[in-house]
Amino acid sequence: MSKPSKSSSSSSSSSRTPTKRILTELTAFNTTYPPTSPHPSIHSLLPTPSNLLSLNCILQPTHLPPSTGYSTGRFLLSISIPPTYPNNPPTITFLTKICHPNIAWATGEICLDVLKENWTPVLGVVGALESVVRLLAEPGVDSPLNVEMGALLRQGDVVGARGLVGYWCAEERFEGALEGGVGG
């Protein structure tokens, strides 16, 4: 019998790191925010039934000011954890259509520096989701993914932008629940 080589042992160990980290984060989230005392914005956060490194989240940012328009929304997000997590950020996308200057309408891609070059492992998935919620309240209009929304806000048409946000939050509101354990 041959001993496993050092490289296969370390690659096996490193492939478990993202899984262990996600399990730790999910346990901490569910302990901190049990169903009786939910997170103010993250309604549900669960791995998909088939893959622990693929999560779904329901954001319901009811605590945001009504003037943002997003406080009535309920959004389904997909979170993909890379094999290099936590050193590299998760990929978070909106599966529910959302009208926002920093979120691509067609793909749900999010333009947010902490999900790219300014990522730090300290954030974790919950911190990244909280950053997405902050982005809803504080859009960046200088380099928007949704050019039309960015143009409305740059031109100062807050009423027009708010009208679009309110309409699409009602029209595209996610009404389902996540498969799996708690939350939903």
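Guide: A residue is called buried when its relative accessible area is under 20%, exposed when the area is over 50%, and partly exposed in between, with a 1.4 Å probe and protein chains only. The structure is a predicted model in which local features need pLDDT of at least 70 and side-chain atom pairs count only at pLDDT 80 or more, whereas totals for chains, interfaces and linings use all residues. Residues are numbered from 1 along each chain as its sequence is written, and side-chain values use heavy atoms, with hydrogens and water left out.

Visitor: Is Glu25 to be called buried or exposed, and on what value?

Guide: Glu25 has a relative accessibility of 14%, and therefore counts as buried. Arg21, at 24%, is partly exposed.

Visitor: What makes Glu25 and Arg21 a salt bridge?

Guide: The term requires a side-chain nitrogen of Lys or Arg within 4 Å of a carboxyl oxygen of Asp or Glu. The N to O distance between the side chains of Glu25 and Arg21 is 2.6 Å, so the pair qualifies. The two residues lie 4 residues apart in helix H1 (residues 6-32), which means that about one helical turn separates them.

Visitor: How many salt bridges does the structure hold, and which residue does Glu175 pair with?

Guide: There are 2 salt bridges in the structure. Glu175 pairs with Arg173, and 2.8 Å lies between their closest N and O atoms. Glu175 is exposed at 57% relative accessibility, while Arg173 is partly exposed at 30%.

Visitor: How do you know how many disulfides the structure holds?

Guide: A disulfide is counted when two cysteine sulfur atoms are within 2.5 Å, and the structure holds 0. For Cys169, the closest cysteine sulfur, that of Cys99, is 8.4 Å away, which is too far for a bond. Cys169 is buried at 3% relative accessible area, and Cys57 is buried at 0%.

Visitor: What is counted as a helix or a strand, and how many of each does the chain have?

Guide: Both are DSSP runs numbered from the N terminus: helices are H or I runs of at least four residues, strands are E runs of at least two. The chain has 4 helices and 4 strands, in the order α-β-β-β-β-α-α-α from the N terminus.

Visitor: What makes S1 and S2 a pair of strands?

Guide: Two strands pair if DSSP finds at least two bridges between them. Strand S1 (residues 42-48) and strand S2 (residues 51-59) are joined by 6 bridges, so they pair, and they run antiparallel. In S1 itself, 5 of the 7 residues are buried.

Visitor: Why are the buried residues of H3 said to lie on the same side?

Guide: The buried residues of helix H3 (residues 147-154) include Met149, Gly150 and Leu152. They span an arc of only 160 degrees around the axis, which puts them on the same side of H3; the arc is that of the directions from the helix axis to the C-beta atoms. Helix H4 (158-171) is part of what covers them.

Visitor: What is called a nonpolar core, and how many residues has the largest one?

Guide: A nonpolar core is a set of buried Ala, Val, Leu, Ile, Met, Phe, Trp, Tyr and Cys residues joined through side-chain atoms within 4.5 Å. The largest has 39 residues, and among those with the most contacts inside it are Leu45, Ile79 and Leu129. At least two residues each come from H1, S1, S2, strand S3 (75-80), strand S4 (91-94), helix H2 (124-137), H3 and H4. H2 gives the largest share, 8 residues. Apart from this core lies another of 5 residues, including Leu46, Ile58, Phe174 and Leu178.

Visitor: Which residues does Ile79 touch?

Guide: Contact means heavy atoms within 4.5 Å. Not counting residues up to four places away in sequence, Ile79 touches residues including Leu45, Leu55, Cys57, Ile92 and Leu129.

Visitor: What is the omega of the peptide bond joining Tyr85 and Pro86?

Guide: The omega is about 10 degrees, and the bond is cis. Most peptide bonds are trans. Pro86 lies in the loop between S3 and S4.
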